Amino acid sequence: FTWPSSRDASVEVGGQASLPAVGVFDVVVVPRVTAVSFESLSTAGGDEVRVIGEGFGSSSSDVEAVRVGSSLASSVEWVSSFEVRARSPAGVGRVEVEVAVAGGLVSGRFGFSYDRPSITAVYPSSVLAGTTNATFTLCGANLGLLDAHFGRASVSGLACGRVSARNASCAVCHDVAGPFTWPSSRDASVEVGGQASLPAVGVFD
C-alpha cells in the first residue's frame, strides 16, 4: 500500500548492473476525501469548507476543482496534500464533495448536508377566522433558492398548496385552504432539500 521512498530503477545485463537511474519514476497518490469540516453551511452558499483527505498534490496548481453536488466551489485554496479549502456554492439538502487534481484524477465522493431550514416569522402573522385560500410569506434561514427545492410546508397545521422561492431567507406559501374554524396549532414548518424544519411555534395567530 505504501511504496518505498526511493524513486529509481536499475537492471542487470550479462552480470553487469546499471547505475540506479534516479528520478525516472514516481508514485501518484489517488486523491481521497475522508472528512469535511465547516462551522455552518447555509443554502445561500459562501461558507468556508475544509476538505480533508490525501493526494491533493504538492502545490496550488495541482488542484483543478472542488465540486459540491452539481456545482463548483469558489475560492479554492490548496493548503497541503492533505487539505483543501473552498467556499461553498448555493445548495440544499444532502450533497457530495469531490476534488479534481492534475492528471485527470478525481477523488471519490464524500457526503454531507447543508444546514436544515428554520422559520422565525410568518407574514401576515394573523388571519381572520374563516379565511380561505390564504397566502403567507415564510421567513427564516436556509430556505430553498428554487421552487423545486421545497417539499411540504404548512401554516397552523394546514398544508400549503405550493411553495415558491423568493431567496434563501423567505418563501411564499400559496393556497392554504383554511377551514371556517382554524386548527388550534399556531406554528409553521417547511421542508427544503429533504430536510424538515423544526416547527416554529407562536409565529402565527
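## A buried ring

Phe112 is buried, with a relative accessible area of 8%. Buried means under 20% relative accessible area, exposed means over 50%, and partly exposed lies in between (1.4 Å probe, protein chains only). Phe38 is partly exposed, at 27%.

This is a predicted model: local features need pLDDT of at least 70, side-chain atom pairs count only at pLDDT 80 or more, and totals for chains, interfaces and linings use all residues. Residues are numbered from 1 along each chain as its sequence is written, and side-chain values use heavy atoms, with hydrogens and water left out.

## The aromatic pair

How many aromatic pairs does a search of the whole structure find? It finds one. The ring centres of Phe38 and Phe112 are 5.7 Å apart and the planes meet at 50 degrees, so the pair is tilted. Rings of Phe, Tyr and Trp (its six-membered ring) pair if their centres lie within 6.5 Å; planes under 30 degrees apart count as stacked, over 60 as edge-to-face and the rest as tilted.

Phe38 sits in the loop between β5 (32-37) and β6 (48-54), and Phe112 in strand β13 (residues 110-113), so the pair ties together parts that are 74 residues apart in sequence.

## Strands and overall shape

The protein chain has zero helices and 22 strands. Both are DSSP runs, numbered from the N terminus: helices are H or I with at least four residues, strands are E with at least two.

The C-alpha trace spans about 100 × 25 × 20 Å along its principal axes. The radius of gyration is 26 Å, well over the 17 Å that the globule rule gives for 205 residues, so the chain is more spread out than a compact globule. That radius is taken over C-alpha atoms, and the rule is 2.2 Å times the number of residues to the power 0.38. Buried residues make up 36% of the 205 residues.

## Two nonpolar cores

The largest nonpolar core has 22 residues. Such a core is a set of buried Ala, Val, Leu, Ile, Met, Phe, Trp, Tyr and Cys residues joined through side-chain atoms within 4.5 Å. Val122, Phe136 and Leu138 have the most contacts inside it. Apart from this core lies another, of 18 residues, including Val36 and Phe112.

Leaving aside neighbours within four places in sequence, Val122 is in contact (heavy atoms within 4.5 Å) with Phe136, Thr137, Leu138, Ala188, Val203 and Phe204.

## Ser154

Ser154 is found in strand β16. Is Ser154 buried or exposed? Ser154 is buried, with a relative accessible area of 14%. Beyond neighbours within four places in sequence, its contacts include Ala159, Cys160 and Ala188.
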